[in-house]
Amino acid sequence: MFTIKEYVRPESLDEAYKILMKNKKNAIIGGMLWMRLGKRTINVGIDLSHLGLDKIIEREDEFEIGSMVTLRELETNESLNLAFQDIFKEASRHIVGVQFRNLATVGGSIYSRFGFSDVLTAFLVLDCYVVLHNGGKVSILDFNNGDYERDIIEKIIIKKNNSKNVYLNQRLSETDLPIIAMAVSKENDKYKIAVGARPSKAELAKKASDLLSGNPTDEEINKASEEIIKELDFGSNMRASKEYREYLSKVFLKRALDIINGGETYDD
Ligand SMILES: Cc1cc2nc3c(=O)[nH]c(=O)nc-3n(C[C@H](O)[C@H](O)[C@H](O)COP(=O)(O)OP(=O)(O)OC[C@H]3O[C@@H](n4cnc5c(N)ncnc54)[C@H](O)[C@@H]3O)c2cc1C
């Protein structure tokens with residue numbers, strides 16, 4: 001059973017960080033949806049809900065997403081989704097259900113770096129930074145690959161750019177975990193492709209991304225989709241085989257590029 005011995009709601013991030021660092025068994029609480037499924041005994045559970053981190057702020061050149069912003073807000077925030085062609089809506093709307101998304105937080109989702117994370121896959125293709133209380137501002141790519149275990153995610157910064165973005169996923173049934181997740185971004189004829197739920201953690205397929213430019217031909221798209229399979233590891237689990245995931249990644253790259261370049265729309 002999951003147990004929290006003491007619950008605190010600090011009035012500042014410094015106070016929250018000091019409490020976190022006092023004991024390895026102290027932990028930040030996001031929406032607590034994942035944590036509550038575990039068997040950990042947490043010494044002090046630190047609730048950040050008094051710190052004003054539940055807002056999405058738009059500035060001239062960037063969006064700031066507080067770590068306590070819920071996945072439902074990420075899904076429904078109009079200016080954010082307008083700026084990034086619904087990538088957040090598409091990456092959030094299949095996650096469990098509305099009541100769940102009203103509680104699950106962006107901070108908890110990014111911090112956890114789950115292999116199945118729709119949300120992380122989408123953030124990876126954007127010009128995006130994680131702001132840590134102690135570690136400062138790090139790119140989402142460094143955060144994804146690095147070891148930032150004992151820190152507080154304060155917010156996520158996404159720079160506005162002229163990118164066009166798409167998010168696609170496949171699930172065996174609606175609200176289940178994805179068996180493949182793909183985000184593709186095109187900025188000034190340069191592409192970024194991220195693939196998650198392979199089933200391992202989402203990563204950028206850098207070599208494949210570099211094989212694409214402008215409006216790629218079918219031959220270039222085929223080469224890029226072969227490269228994705230070479231440079232990223234795909235595997236099997238109870239939901240899908242390695243071969244099926246590899247196949248889907250090829251289909252999805254083509255579909256994502258059709259949406260970005262060909263004016264196709266998302267299927268429901
Ligand atoms: C049944 C179920 C199904 C799910 N399905 C999907 C899915 O299909 N796709 C998907 O993308 N996700 C899925 N998720 C993950 C979910 O969307 C959230 O990512 C997850 O619940 C964590 O968010 P939370 O706010 O509940 O974090 P919590 O459970 O509160 O915390 C998770 C971890 O993050 C730490 N943490 C939380 N906030 C911070 C912070 N600001 N700074 C530092 N550390 C922090 C906590 O200490 C803890 O270690 C699923 C989760 C569950 C339980």
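Modeller: For the classes used here, Ala, Val, Leu, Ile, Met, Phe, Trp, Tyr, Cys and Pro count as nonpolar, Asp, Glu, Lys and Arg as charged, and the others, Gly among them, as polar. By these classes, the shell around the ligand holds 21 nonpolar, 9 polar and 5 charged residues. This is a predicted model, in which local features need pLDDT of at least 70, side-chain atom pairs count only at pLDDT 80 or more, and totals for chains, interfaces and linings use all residues. Residues are numbered from 1 along each chain as its sequence is written, and side-chain values use heavy atoms, with hydrogens and water left out.

Colleague: How many residues surround the ligand, and which are the closest?

Modeller: A residue is near a molecule if one of its heavy atoms lies within 4 Å of it. The ligand is surrounded by 35 residues, the closest being Ile 28, Gly 31, Met 32, Thr 105 and Asp 118. With helices (H or I, at least four residues) and strands (E, at least two) taken as DSSP runs numbered from the N terminus, α6 supplies the largest share of the shell, 5 residues.

Colleague: Which polar backbone atom is 2.7 Å from an oxygen atom of the ligand?

Modeller: A polar contact is a pair of N or O atoms within 3.5 Å. That backbone atom belongs to Met 32. A backbone N or O atom of Leu 33 is 2.9 Å from a ligand oxygen, and a ligand nitrogen is 2.9 Å from a polar backbone atom of Ile 153. On its own the ligand has 970 Å² of accessible area (Shrake-Rupley method, 1.4 Å probe), of which the protein covers 91%. The elements giving two or more residues to the shell are β2 (27-29), α6 (106-112) and α7 (118-124).

Colleague: What is the order of the strands in the open sheet?

Modeller: Strands of a sheet pair through backbone hydrogen bonds, either parallel or antiparallel. Two strands pair if DSSP finds at least two bridges between them. The open sheet here has 4 strands in the order β9-β10-β11-β12, paired antiparallel. Its edge strands, each pairing on one side only, are β9 (164-171) and β12 (203-204). Between β9 and β10 (residues 178-187) there are 8 bridges, and Asn 169 has Ala 181 of β10 as its bridge partner.

Colleague: Which peptide bond is cis, and where is Thr 175 placed?

Modeller: Most residues other than glycine have a negative phi, and most peptide bonds are trans. The bond from Arg 198 to Pro 199 is cis, with omega near 15 degrees; Pro 199 is in the loop between β11 (190-196) and β12. Thr 175, although not a glycine, has a positive phi of about 75 degrees, and Thr 175 is in the loop between β9 and β10.

Key
Polar contact = N/O pair within 3.5 Å; in protein donor to acceptor, adjacent residues only side chain to side chain.
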